Amino acid sequence: MRALLGLLSVLLAAPLGAQSALEIRFFNVGQGDAVLVRESGKSALIDAGPGSGAVIGQLRALGVDTLDIVIASHNHADHIGGMPAVIGGSVARFYMDNGLPTTTSTYQRTMAAVRASGAQYLNATTRSVTLGYARLRIMAPPPGVGDQNNSSVGVRVDYGDFHAILTGDSEQEELAYWLQHAEVPRVQVVKVAHHGSPNGTSQEWINATRPGVAVISVGRVNGYGHPSLDVIAAWEAAGARVYRTDITGSVVILAHTNGQFSVTTASRGVAQSPRTRAPAQRVTPTAPPGVPQPRVSPPPAAVRSPNCCKVCSAGQACGNSCISRRYQCHKPPGCACNAQ
Ligand SMILES: [Zn+2]
């Protein structure tokens, strides 16, 4: 095992003198998850979305043909549906999942692709994977749980003073387990678990992580009622700015080792080609006291307004999010285009 960990460090370590910035790209894949983490030319993909072509198409558009490690948070189709295409269409060096098989054809095709690729399979034990100058701290799921969501692989991304945490579709039971058994620090960025479902957020988890930015990866039309407006309100009440991929499209975090980071969003659209993609806009989240502030670069109002509250059909507009009328909005007005 020690030899394997050493091998991981060697294979994924950054070339000398190549330090740049950490990118965390939350792809807009509709109802599902797919997150690309890049640093110093090294790449990790966490989940591959529901469709067969969306993520591999976006990886190709970005010029990413080698994935140093691919992690499936869990084996539901909205997270591994795109995995066979990704594994078959790129060079994947390591593959990790929660070790909990399913009987679905999507899972069978995924594992067949992993075996055919030659990628080395890794169990999701508590371990650290070096990705350039960043570290992926794997948060192992609790043992003996048969439920896929509550066996999601957690990933904490450490990059100097910058931290982010991604926990798949973990529900409150698994979040509580990690608060007991893993190191859960205050972070700058959280991927809200389970697409903003009420069972994927707890006040204890919010209190522990207290991010400046909370990203919800969710499809505009889904049958689950995701995301919960109360969940959005709870993260915002803790000082986080909430981004939803169904409203803003892909969300890209660019972070530096001093903790500074910026957020860029693209227009809504699944697997848009760069040629048809609307110009990206840079927005600046607010951060709670004590968290390093991202770079200040306010977007022009004319660019920002089309993405405001397009689906705010209930509750009240707050910033570019819709929240429950029971909560106080701490954001400046100006984004109430669709609120009722
Ligand atoms: Zn999911």
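Predicted model: local features only at pLDDT ≥ 70, side-chain atom pairs only at ≥ 80, totals over all residues.
Reader: What makes H8 (residues 229-237) an enclosed helix?

Author: Burial does. A residue is buried if 20 or more other C-beta atoms lie within 10 Å of its own. In H8, 7 of the 9 residues are buried, so the helix is largely enclosed by the rest of the structure.

Reader: Which residue with positive phi follows H8?

Author: Gly239 follows H8, with phi near 100 degrees.

Reader: Why is Val184 called buried?

Author: Count the neighbours. The cut-off is 20 or more other C-beta atoms within 10 Å. Val184 has 20 within that distance, so it is buried.

Reader: Where is Val184 found?

Author: In the loop between H6 and strand E13 (189-191).

Reader: What is Val184 in contact with, leaving aside its neighbours within four places in sequence?

Author: Trp178, Leu179, Ala208 and Thr209. Contact here requires C-beta atoms within 7 Å. For Val184 and Arg156, the C-alpha atoms are separated by 8.3 Å, and the two residues are 28 apart along the chain.

Reader: How do you know that the buried residues of H6 line one face?

Author: Start with the residues. In H6 (residues 172-181) the buried ones are Glu174, Leu175 and Trp178. Seen down the helix axis, they fall within an arc of 105 degrees, so they line one face of H6.

Reader: What covers the buried residues of H6?

Author: The cover includes strand E10 (134-139), strand E11 (154-159) and helix H7 (203-209).

Reader: Why is E11 called mostly covered?

Author: Of its 6 residues, 6 are buried. Each therefore has 20 or more other C-beta atoms within 10 Å.

Reader: How do you know that both faces of E11 are covered?

Author: Take the two sides in turn. Gly154, Arg156 and Asp158 are buried on one side. Val155, Val157 and Tyr159 are buried on the other.

Reader: What makes E10 and E11 a pair?

Author: Two strands pair if DSSP finds at least two bridges between them. E10 and E11 have 5, so they pair, in the antiparallel sense. In one of these bridges, Ile138 has Val155 of E11 as its partner.

Reader: How many bridges join E11 to strand E12 (residues 162-166)?

Author: There are 5, and the strands run antiparallel. The bridge partner of Arg156 in E12 is Ile165.

Reader: How many residues lie between E11 and E12 in their hairpin?

Author: The hairpin has 2 residues between its strands. Gly160 sits in the turn, with a positive phi of about 60 degrees.

Reader: Which strands form the open sheet, and in what order?

Author: Its 7 strands run in the order E9-E10-E11-E12-E13-E14-E15, with mixed pairing.

Reader: Why are strand E9 (127-131) and strand E15 (241-244) called edge strands?

Author: Each pairs on one side only. On average, neighbouring strands of this sheet are turned by 20 degrees against each other, direction ignored.

Reader: What is the sense of pairing between E9 and E10?

Author: Antiparallel, over 5 bridges. Arg127 stands opposite Ile138 in E10.

Reader: How many helices and strands does the protein chain have?

Author: It has 10 helices and 20 strands. Of its 340 residues, 51% count as buried. Among contacts with a separation of 6 or more, residues 24 or more positions apart account for 65%.

Methods. Residues numbered from 1 in each chain as written. Buried ≥ 20, exposed ≤ 12 C-beta atoms within 10 Å, placed from the backbone. Helix = DSSP H or I, 4+ residues; strand = E, 2+ residues; numbered from the N terminus. Arc of directions from axis to C-beta. Contact = placed C-beta atoms within 7 Å. Axes fitted to C-alpha atoms, helices over the stretch in contact; angles between N-to-C directions.
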